[in-house]
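Hi everyone, thanks for coming. I'd like to walk you through a few side-chain contacts today, so let's bring the structure up.

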Amino acid sequence: MSTHVDNHTIVHEKTEMINEPRKRVGMLGGGFNPVHLGHLVMAEQVYAQLALDEFYLMPTYQPPHVDKKTVIDASHRVAMLELATKSNPHLKVELEEVYREGKSYTFDTMESLIAKNPNTDYYFVIGGDMVDYLPKWYKIDELMKMIQFVAIKRSGFPQTSDYPLIWVDSPRMDISSSLIRQNIQRGCPIKYLVPDNVIDYIQKKDLYRHDN
């Protein structure tokens, strides 16, 4: 049995896609090993200041330039991200790189996401301390034409670049995933550094305590 689709229907569907308002979506990639309040504050500030429609935290499957033995399984990092974002309706988790596995270049990831979501404009967030490294990114010139980079202002780093960046203020929180892992190993508290439900998950799964 065949289904007939006339030209009018095809034209109508294409017109609807063209007329559909473009979605503005923020992206923050990282190992999130584990996710902490610094990540969430940064995401919320960019979302609000740029009036975005949604904001996604995108965990890497295997972070580049990191010793694989120090990164816990992606399933745990994804579970913690889902817990950290569950109470915020515009903060979500993007699993593109986790599904692909291996190491991912941002260019390949964003090319895939744009192909799947052609009506979306992506705002990719990096720290101001990473701006100087942009020339070393894989296919950076092509990437710049695909997405808009957003740089978080950092004290001690100039707000200048040869690339067209949007600069955003965000409270500087001296928190890092490595600090949290060290605190856990030493038996020091991580409350107010990590969401409470993420702390519960870390304790329940006995994560990081036995890391070398």
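Let's begin at S112, which is found in helix 5, residues 106-116. Keep in mind as we go that this is a predicted model. Which residues does S112 contact, once we leave aside its neighbours within four places in sequence? The answer is E96 and R100. For E96, the C-alpha atom is separated from that of S112 by 8.4 Å, and the two residues are 16 apart along the chain.

Now to the rings, and I know some of you like these. The structure holds 5 aromatic pairs. Take F124 and W137: their ring centres are 6.2 Å apart and the planes stand at 90 degrees, over the 60 that edge-to-face requires, so that is what we call this pair. It links distant parts of the chain, with F124 in strand 4 (residues 120-127) and W137, 13 residues apart from it, in the loop between strand 4 and helix 6 (140-146). Is F124 buried or exposed? Buried, because its relative accessibility is 5% and the cut-off is under 20%.

W137 also pairs with F149: here the centres are 5.4 Å apart and the planes at 80 degrees, so this pair is edge-to-face too. F149 belongs to strand 5 (residues 148-152), 12 residues apart from W137, and again distant parts of the chain are linked. F149 is buried, with a relative accessible area of 0%.

Elsewhere, Y105, F107 and Y138 form one aromatic cluster.

Notes
Residues numbered from 1 in each chain as written. Predicted model: local features only at pLDDT ≥ 70, side-chain atom pairs only at ≥ 80, totals over all residues. Heavy atoms only, no water. Helix = DSSP H or I, 4+ residues; strand = E, 2+ residues; numbered from the N terminus. Contact = heavy atoms within 4.5 Å. Phe/Tyr/Trp six-rings, centres within 6.5 Å; stacked < 30°, edge-to-face > 60°. Buried < 20%, exposed > 50% of the residue type's maximum accessible area, 1.4 Å probe, protein only.
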